[in-house]
Structure formats: structure tokens, C-alpha cells
Amino acid sequence: MLGEAFPGTAEVKLVRELYASRDYLPALSLLAESERGEVLGYVITTRAWIGAEPSLGLGPLAVLPGYQGQGIGSALMHASIAAAAGMGERSIVLLGSTDFYPRFGFVPADSLGITSPDPSWGSRFMALTLGGSDGVAHGSFRYADPFNHL
């Protein structure tokens, strides 16, 4: 499925490594399935850090090409955000589309004092605070180790 959603990219290898990582968070990695049980999309979330404080790194998020534009990605995002908030997490950080993620409340991470691992990411490096911005760490963001192998 991932190869269809992200053809010719490093995402397939990354997802395999994330699933095997100690930072993988199964409760925050969700599937969207058809009534027949076919996987239509998924989102994976792993432990990440802002300085020494725990955060979440969201992604990849993928939906099969034939099912994109039907709200599956949005449903996965809403469910993932709700699950993270329910677990008491304070922030979610991601690298993604500035056309898609702001609708869920994501803002440029640097506006919250979170520094990107790669300055060239600019406004595509975004963060969402859960339960208000009070108490959210400021500093350098660090993804789970498999992201370092890209």
C-alpha cells in the first residue's frame, strides 16, 4: 500500500524501520480500512523530543491514490490527534503539506519556539499543541532514530 501512495520514495523503508523502532507508538498508529478489510490508508506516530522533553513525530500519512480526496486522510488525522490528546501528550510535530495540515491546527513549528532538524524545511515543519500551548517545550526537535537514515 505504501509503495502505491508514495511511489519511488524512501517512505517504504522508513515505515518498516519505524515499525521496528523502540519509539514506535502502536496506539497512535492507525489504519483506515474498507468494509472488506482492505487497508485504504494509515498514519504512523513515533516518540520524538523537543530538547529533552517528549513530543510526537507524526508521519508518514498515506492514502491509496484511488481513495484520496474522500476524507480518509482527514479522518486519520482527527483520530490520531484525539488519541494523542487522550494519552496526555503535549505536542505533535511533522513535516508536511502547508495546504493540508493547517486545517487541523498545525502552525509553523518555529512560531512555537521549536527548531527544525533542517532549516530548509521552512514552514513545512509544523507543530500542534495539545491542551493549550502552556508548558510545551521549546528547543531543537529530534525525530525517532529511523528518520536519521533518510
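Trp 121 is buried because its relative accessible area is 18%, where buried means under 20%, exposed over 50% and partly exposed in between (1.4 Å probe, protein chains only). The model is predicted, so to speak of local features takes a pLDDT of at least 70 and side-chain atom pairs count only at pLDDT 80 or more, while totals for chains, interfaces and linings use all residues. Residues are numbered from 1 along each chain as its sequence is written, and side-chain values use heavy atoms, with hydrogens and water left out.

The ring of Trp 121 pairs with that of Phe 125: the centres are 5.7 Å apart and the planes lie at 40 degrees, so the pair is tilted. Rings of Phe, Tyr and Trp (its six-membered ring) are paired if their centres lie within 6.5 Å, with planes under 30 degrees apart counted as stacked, over 60 as edge-to-face and the rest as tilted. Phe 125 is also buried, with a relative accessible area of 2%. By this rule there are 7 aromatic pairs. One of them, Tyr 101 with Phe 106, is edge-to-face, at 6.0 Å centre to centre and 80 degrees between the planes. Tyr 101 counts as buried at 9% relative accessibility, and Phe 106 does so at 3%. Together with Phe 100 and Phe 104, these two residues form one aromatic cluster.

Helices (H or I, at least four residues) and strands (E, at least two) are DSSP runs, numbered from the N terminus. Among the buried residues of α3 are Leu 76, Met 77, Ser 80, Ile 81 and Ala 84. Their cover includes β1 (30–33), β2, β3, β4 and β7. Beyond its neighbours within four places in sequence, Ile 81 is in contact (heavy atoms within 4.5 Å) with Ile 92, Phe 104, Phe 106, Leu 128 and Leu 130.
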